[in-house]
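User: I would like to learn how to read a protein model feature by feature. Can we take it slowly?

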Amino acid sequence: MVKLITGVGGFIGSSLAQRLLQNGEDVVGVDCFIDYYPREIKEKNLRPLRDYSTFAFIEKNILELDFPKILDGIDGIYHQAAQAGVRASWGEDFGIYTKNNILATQKLLEAVKESRVRVVYASSSSVYGETKKIPMQEDDLPNPVSPYGVSKLAAEHLCRLYWKNFRVPTVSLRYFTVYGPRQRPDMAFHRFLKAIMKGEEITLYGDGEQTRDFTFIKDAVDANLLAMEKGQSGGVYNIGGGSQVTINHCIESMEIIVGKKANVKRLERQKGDVTHTYADTSRAQKKLGFQPSTPLEEGLRLEAKWIQDNIL
């Protein structure tokens, strides 16, 4: 059993790779270290993976990969690689998103259309956009409000097209705000926890009453393994943590965990940010057996400990 993971140096990719290696599987990981955040963070994520003789790493952009050579012996692909960030996706930088999120996905799917290797694609709740219909369901009309969301939805459509036309068994997982150890440094929980620990200012966009469905990294990894095993080809599944809470509540929980008050600077809400997210995960529960098991406060404690031990 050999799995290919794109974006293996990232938050979810490295966590998924470590679980697979611990489970006794062989992993080929690909990452090109795009400069959205420092390379040293991804190198640190990769360090425990390199201890396994069953792990092979390829430093390459997907668009430059020799797929016929790499895919030999691969029996499943977790496509985690992407250009992240809602707020950074506007303007001239959108070209980076079309290249790394859409074109890269198309090349990967084109490469597997003969072998029909199963592909589990990392989509996003950003495809839903601003909606008053809560909880969000997979059959709702996607209406992204950021270029990032557009790029994730386009790649998701490509996955379905390659299933319909070439029978490539793709499965798309719409992640809802994944957090936990190894979380990217630009993401809110990472920034907030680090700032509270250091006594620095937190920048909060909006009044803090916006809500999110937060998904702990272990639960996101579980969803990937279940999707590879049980996901319906061409299918789409919401992956959420089962908790719709305000950002203000999260900051209050962090203050308790860290034992310090947060110094919050409030700014205007940013373009592309949605007001509420909340996943209806009944399809994933019924079809995949997915069941999030990590309460928000427990997940925050684990992320806080990781930041204390590895970042500060």
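User: Where is the place of Pro-135?

Analyst: One point before that: this is a predicted model. Pro-135 sits in the loop between β5 and α5. A cis peptide bond links Ile-134 to Pro-135, with omega at about 0°.

User: Which helix does Gly-149 lie in, and which residues does Gly-149 touch?

Analyst: Gly-149 belongs to helix α5. Not counting residues up to four places away in sequence, Gly-149 touches Ser-126, Val-127 and Pro-144.

User: Does Gly-149 count as buried or exposed?

Analyst: The cut-off for buried is under 20% relative accessible area. Gly-149 has 0% relative accessibility, so it counts as buried.

User: How are two packed helices described?

Analyst: Two values are used: the angle between the axes and the distance between the axes. Take helix α4 (residues 94–111) and helix α5 (residues 147–166) as the case here: their axes come within 9 Å and cross at roughly 10°. Angles under 35 degrees count as roughly parallel, so α4 is roughly parallel to α5.

User: Which residues make the contact of α4 with α5?

Analyst: From α4 the contact includes Phe-94, Tyr-97, Ile-102 and Leu-109. From α5, Tyr-148, Ala-155, Leu-158 and Tyr-162 are among them. The residues of this contact divide into 11 nonpolar, 4 polar and 2 charged.

User: What span should α4 have, and what does the model give?

Analyst: The way to check is to compare an expected span with the distance between the end C-alpha atoms. At 1.5 Å a residue, the 18 residues of α4 should span 26 Å, and the end C-alpha atoms are 25 Å apart, which agrees. There is a bend in α4 of about 30° at Leu-103.

User: Which residues of α4 are buried, and what do they pack against?

Analyst: The buried residues of α4 are Tyr-97, Asn-100, Asn-101, Ile-102, Ala-104, Thr-105, Leu-108 and Leu-109. These buried residues pack against β1 (2–6), α3 (67–70), β4 (76–79), β5 (119–124), α5 and β6 (170–175).

User: How many residues of α7 are buried?

Analyst: In α7, 11 of the 14 residues are buried, so the helix is largely enclosed by the rest of the structure. Among them are Ile-217, Asp-219, Asn-224 and Met-228. Helix α7 covers residues 217–230 and reaches 20 Å from its first C-alpha to its last, close to the 20 Å expected at 1.5 Å a residue.

User: Asn-224 is one of the buried residues of α7. What separates the C-alpha atoms of Asn-224 and Ala-284?

Analyst: A distance of 11 Å separates these C-alpha atoms, and the two residues are 60 residues apart along the chain. Ala-284 is part of helix α9 (residues 282–288). With 0% relative accessibility, Ala-284 counts as buried. Leaving aside neighbours within four places in sequence, Ala-284 is in contact with Tyr-237, Asn-238, Ile-239, Gly-289 and Phe-290.

User: Now the loops. Where are Gly-242 and Ser-243?

Analyst: Gly-242 has its place in the loop between β11 and β12. Ser-243 also lies in the loop between β11 (235–239) and β12 (244–246).

User: Is Gly-242 buried or exposed, and is Ser-243 buried or exposed?

Analyst: Gly-242 counts as exposed at 52% relative accessibility, whereas Ser-243 counts as buried at 17%. Not counting residues up to four places away in sequence, Gly-242 touches Asp-213, Tyr-278 and Pro-292. With neighbours within four places left aside, Ser-243 is in contact with Arg-212, Asp-213, Phe-214, Tyr-278 and Leu-296.

How values were computed:
Residues numbered from 1 in each chain as written. Predicted model: local features only at pLDDT ≥ 70, side-chain atom pairs only at ≥ 80, totals over all residues. Heavy atoms only, no water. Helix = DSSP H or I, 4+ residues; strand = E, 2+ residues; numbered from the N terminus. Buried < 20%, exposed > 50% of the residue type's maximum accessible area, 1.4 Å probe, protein only. Contact = heavy atoms within 4.5 Å. Axes fitted to C-alpha atoms, helices over the stretch in contact; angles between N-to-C directions. Parallel < 35°, antiparallel > 145°, perpendicular 65-115°, else oblique. Nonpolar A, V, L, I, M, F, W, Y, C, P; charged D, E, K, R; others polar. Expected span 1.5 Å × (residues − 1). Bend = angle between axes of the 7 residues up to and from the residue.
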